[in-house]
Amino acid sequence: SAAAAADELTPAAKRPKKQSSFIDKLALILVRERRQLVARTRGKTAFFTPGGKREAGESDRQALCREVKEELDVDLVEASIEPYGVFQAQAFGKPEGTMVRMTCYTADYVGALTPSNEIEEL
């Protein structure tokens, strides 16, 4: 079509930007002895910060506690959960323009960190 042909001739900087889509996640930032805890999901090669998505009706604290229990088999000490920051970047392995927004927290935990569920390696 003429519109598609014109779009191909328009410099990328002048084309209308495509609407970005967001993946909204929570994450636990855990640094001990200058090393950050990261986890690798079974069957994947990349390591990620532990956490996940909220389920319907969950608060950040509830979702973070659930995700950490599912992935690392430890219980977060709820009184110790503190905001760390919100970070946004291109989502790994997703189409260009798909952004991940991670709301990160620090917290203490009870138990021994153990790969659980879909997590294969810490």
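Confidence comes first. The protein chain has an average pLDDT of 81, and 84% of the residues score at least 70. Where pLDDT is low, the predicted coordinates should not be read in detail.

Next comes the sheet. It is an open one, made of four strands in the order β6-β1-β9-β8, and its pairing is mixed. The edges belong to β6 and β8 (82-90); each of these has a single partner strand, so one side of each goes without a neighbour in the sheet. Strand β1 (residues 21-28) pairs with β9 in the parallel sense, over eight bridges. One example is alanine 27, whose bridge partner in β9 is cysteine 104. β1 also pairs with strand β6 (residues 51-52), this time running antiparallel and joined by two bridges. Here leucine 26 sits opposite glycine 52 in β6.

Leaving out residues up to four places away in sequence, threonine 98 touches Ser21, Ile23, Ala89, Gln90 and Ala91. Cysteine 104 is buried too, with a relative accessible area of 1%. Cysteine 65 comes out at 17%, so it is also buried. As for disulfides, the count is zero.

Helix α2 is next in line. With 13 residues at 1.5 Å a residue, α2 should span 18 Å, and its end C-alpha atoms are 17 Å apart, which agrees. Its buried residues are Ala63, Leu64, Cys65, Arg66, Glu67, Val68, Glu71 and Leu72. These pack against β1, β6, β7 (75-76), β9 and β11 (119-121).

In soluble globular proteins, nonpolar side chains tend to be buried together. In this model the largest nonpolar core has 14 residues, and the ones with the most contacts inside it are Leu28, Leu64, Val68, Leu72, Leu76 and Ile81. The elements giving two or more residues to this core are β1 and α2 (60-72). Of the elements, α2 gives the most, with five residues. What does isoleucine 81 touch, not counting residues up to four places away in sequence? Its contacts are Arg61, Leu64, Cys65, Leu76, Tyr105, Thr106 and Ala107.

How values were computed
Residues are numbered from 1 along each chain as its sequence is written. This is a predicted model: local features need pLDDT of at least 70, side-chain atom pairs count only at pLDDT 80 or more; totals for chains, interfaces and linings use all residues. Side-chain values use heavy atoms; hydrogens and water are left out. Contact means heavy atoms within 4.5 Å. Two strands pair if DSSP finds at least two bridges between them. A disulfide is a pair of cysteine sulfur atoms within 2.5 Å. Buried means under 20% relative accessible area, exposed over 50%, partly exposed in between (1.4 Å probe, protein chains only). A nonpolar core is a set of buried Ala, Val, Leu, Ile, Met, Phe, Trp, Tyr and Cys residues joined through side-chain atoms within 4.5 Å. The expected span of a helix is 1.5 Å times one less than its number of residues. pLDDT is the predictor's confidence in each residue, from 0 to 100.
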